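Here is a short briefing for a first look. Keep the sequence and the structure side by side as you read.

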Amino acid sequence: MSISSRFAVGIHILALIELNNEGVTSSEFLAKSVNTNPAVIRKLMGMLKKAGLIEVNPGIAGAKLAKKLSSITLFDVYKAVNVVQDKELFSIHESSHPDCLVGRNIQNTIEPLFTAAQLAMEKVLRNVTLEDVVRDIAAKENIC
């Protein structure tokens with residue numbers, strides 16, 4: 001199992017909105033880049049709008065960033081697209097056998113480790129901005 005692709009697609013949408021800032025960034029345009037259905041893109045754009053990351057107007061094609069690139073972190077995107085709830089990145093099986101020494105202790109043993117791992121990942125995401133992502137893409141494409 002992995003984190004929902006909504007996270008990667010959310011980053012993709014925001015980066016493409018920025019890099020296509022002179023064109024119309026419609027859901028159809030974004031869907032073609034992501035290679036998915038425009039309805040999927042519209043759903044994610046709704047989440048990004050609700051989080052205050054983009055501006056869209058009903059009935060008018062296109063979207064624009066609602067904040068500066070440098071003020072949008074990957075953690076903002078992660079939270080906006082509802083990847084996981086707090087302390088739920090890792091699932092722990094609920095039905096261990098209580099008569100087994102591992103079964104009755106495994107949850108309490110590994111839950112703090114899983115929580116620490118999630119918090120560490122989220123700390124990294126808080127320190128990477130959309131500006132960093134766009135800069136890296138631009139450098140790879142020699143459009144700096």
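Lys140 and Asp136 both sit in helix α6, 4 residues apart, about one turn of the helix. Their side chains meet in a salt bridge (2.6 Å, N to O). This is a predicted model, in which local features need pLDDT of at least 70 and side-chain atom pairs count only at pLDDT 80 or more, while totals for chains, interfaces and linings use all residues. Residues are numbered from 1 along each chain as its sequence is written, and side-chain values use heavy atoms, leaving out hydrogens and water.

**Salt bridges**

- A salt bridge here is a side-chain nitrogen of Lys or Arg within 4 Å of a carboxyl oxygen of Asp or Glu.
- The whole structure holds 5 salt bridges.
- Lys140 is exposed, at 59% relative accessible area, and Asp136 is partly exposed, at 40%.
- Salt bridges with shared partners link Glu131, Asp132 and Arg135 into one network.
- Glu131 and Arg135 pair at 3.7 Å, N to O.
- These two, Glu131 and Arg135, are 4 residues apart in helix α6, so about one helical turn separates them.
- Arg135 also bridges to Asp132, with the closest N and O atoms 3.4 Å apart.
- Arg135 and Asp132 are 3 residues apart in helix α6, about one turn of the helix.
- Relative accessible area is 31% for Glu131, 29% for Asp132 and 48% for Arg135.
- Buried means under 20% relative accessible area, exposed over 50%, and partly exposed in between (1.4 Å probe, protein chains only).
- Helices (H or I, at least four residues) and strands (E, at least two) are DSSP runs, numbered from the N terminus.

**Nonpolar surface**

- Leu19, Ile137 and Ile143 form a nonpolar surface patch, with about 240 Å² of accessible area together (Shrake-Rupley method, 1.4 Å probe).
- Patch residues have over 30% relative accessible area and no salt bridge; like charges are joined within 9 Å, nonpolar side chains (Val, Leu, Ile, Met, Phe, Trp, Tyr) within 5 Å.
- Ile137 belongs to helix α6 and is partly exposed, at 33%.

**Positive phi angles**

- Asn35 is not a glycine, yet its phi is positive, near 65 degrees.
- Asn35 lies in the loop between α2 (27–34) and α3 (38–50), and is exposed at 70%.
- Asn142, also not a glycine, has a positive phi of about 55 degrees.
- Asn142 lies in the segment after α6 (130–140), and is exposed at 70%.

**Helix α5**

- Val124 is in helix α5 (residues 106–126) and is exposed, at 52%.
- Val124 and Gln107 are 17 residues apart along the chain, with 26 Å between their C-alpha atoms.
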